[in-house]
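Hi,

Here is the structure I promised to pass on.

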Amino acid sequence: MKKLLLSFPIVMGILFFGILRSDSNVSSMDHSSSNTEVFQKKDSTKSKLRIYYIRHAEGGHNVKKEWGIYPESEWPAYVGNHSAFTPKGIMQQSRVSKKLNRFNFDFVAVSPAWRCKNTVLPYLKDSKIKAEIWPELAEIYATNLIVSPDLPEHTSTEKILGAGDEITLLPEEEPYFTLRNDGTHEFKKLRFPRNHSESAKENAMAKVIIDRVLELIEDRSASHNTILLSGHGSSGKAVLRMLTNDPLNGFPQLTNTGVWMVEQQDDGTFKLKMFNDVPFSE
């Protein structure tokens, strides 16, 4: 009996130590599992596709209406010029590189227009990134009708994609820009009334072009997670509308050198995260 009483504390000690060790192992496993989940979440966040879009700096064509109250003889040389920045545009361009350096882009695509290429040129020089020219990012007219379920199909037999003027790069542009093998020509803009009275047909044509932009994004996203597009105001809103499938009713204009960003969700849809450089929340 005495031996049994003496051995009892030892047995209980062994049992107690075993329980503590077991609890410790469970706690360690739980902690390890928790860390794994955190790392997985961080990794999934990093791998989410993000599309950024920057509108070009203010060009001379953007201020032509403002200068309309003055005789043309008094206009500065840049007024009405699509291939020249205004003094304000030059200041905007000087700030683009610092703005874009906040992000780590692994692919850049640019409209063939002079104002779009030169808006991001300082950033390309600083970051040593070579941008790809996408003719489909050139300026087009498109409204919220582009995502309307009632938008008619584009039925014209006239070719649009690749049917426009040939794109050429100047020798001084070649270190910073490259052409796609299937993107050596601009798209052909079909003729519509200048007052956009045939808006539905015009949007249907625009959808053909933006559909191609979405295809290119999907293709590039196979090897790139953070994509920057440089383009124009109306076409930039059109790309955003189709990525988010949102008419963006009531949204302001995309400002010169303003940036929007969308992030792809787990279900494949895109959610707007930034507009005109400001974080966006619903």
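Starting at the N terminus, the elements of the protein follow the order α-β-α-β-α-β-β-α-β-α-β-β-β, which comes to five helices and eight strands. Keep in mind that this is a predicted model. The protein has 282 residues, and 41% of them count as buried. If you take the contacts between residues at least 6 apart in sequence, 70% join residues at least 24 apart.

Which residues of α2 are buried? They are G89, Q92, Q93, V96, S97, K99 and L100.

With a relative accessibility of 0%, S230 counts as buried. Which residues does S230 touch, once its neighbours within four places in sequence are left aside? The contacts are I54, A109, V110, S111, C116, V120 and L137.

Now the aromatics. I get a count of 10 aromatic pairs. In one of them, Y52 and F103, the ring centres are 4.7 Å apart and the planes meet at 45°, so this pair is tilted. The two residues are 51 apart in the chain and link distant parts of it: Y52 belongs to strand β1, while F103 is in the loop between α2 and β2 (107-110). Both Y52 and F103 are buried. They also take part in a cluster in which ring pairs link Y52, F103, F105 and Y123.

Another tilted pair is W67 with Y70, at 5.3 Å centre to centre and with 55° between the planes.

How much space lies in the largest pocket? It holds about 1,100 Å³. The lining of this pocket is made up of 29 residues, and the closest to the centre are E139, I140, Y141, K189 and E202. Helices α4 (199-220) and α5 (233-244) each supply at least two lining residues, and the largest share, three residues, comes from α5.

Finally, two backbone details to check when you open the model. K128 has a positive phi of about 65° although it is not a glycine. K128 sits in the loop between α3 and β3 (131-133) and is exposed, with a relative accessible area of 70%. N276 is not a glycine either, yet its phi is positive at about 50°. The loop that holds N276 runs between β7 (270-275) and β8 (278-279). Is N276 buried or exposed? At 17% relative accessibility N276 counts as buried, because the cut-off for buried is under 20%.

Cheers

Technical notes:
Residues numbered from 1 in each chain as written. Predicted model: local features only at pLDDT ≥ 70, side-chain atom pairs only at ≥ 80, totals over all residues. Heavy atoms only, no water. Buried < 20%, exposed > 50% of the residue type's maximum accessible area, 1.4 Å probe, protein only. Helix = DSSP H or I, 4+ residues; strand = E, 2+ residues; numbered from the N terminus. Phe/Tyr/Trp six-rings, centres within 6.5 Å; stacked < 30°, edge-to-face > 60°. 1 Å grid on protein atoms, 1.4 Å probe; cavity = no way out; pocket = protein on both sides within 12 Å on 5 of 7 lines; lining within 4 Å. Points joined across faces, edges and corners; volume = space filled by probe spheres on them. Contact = heavy atoms within 4.5 Å.
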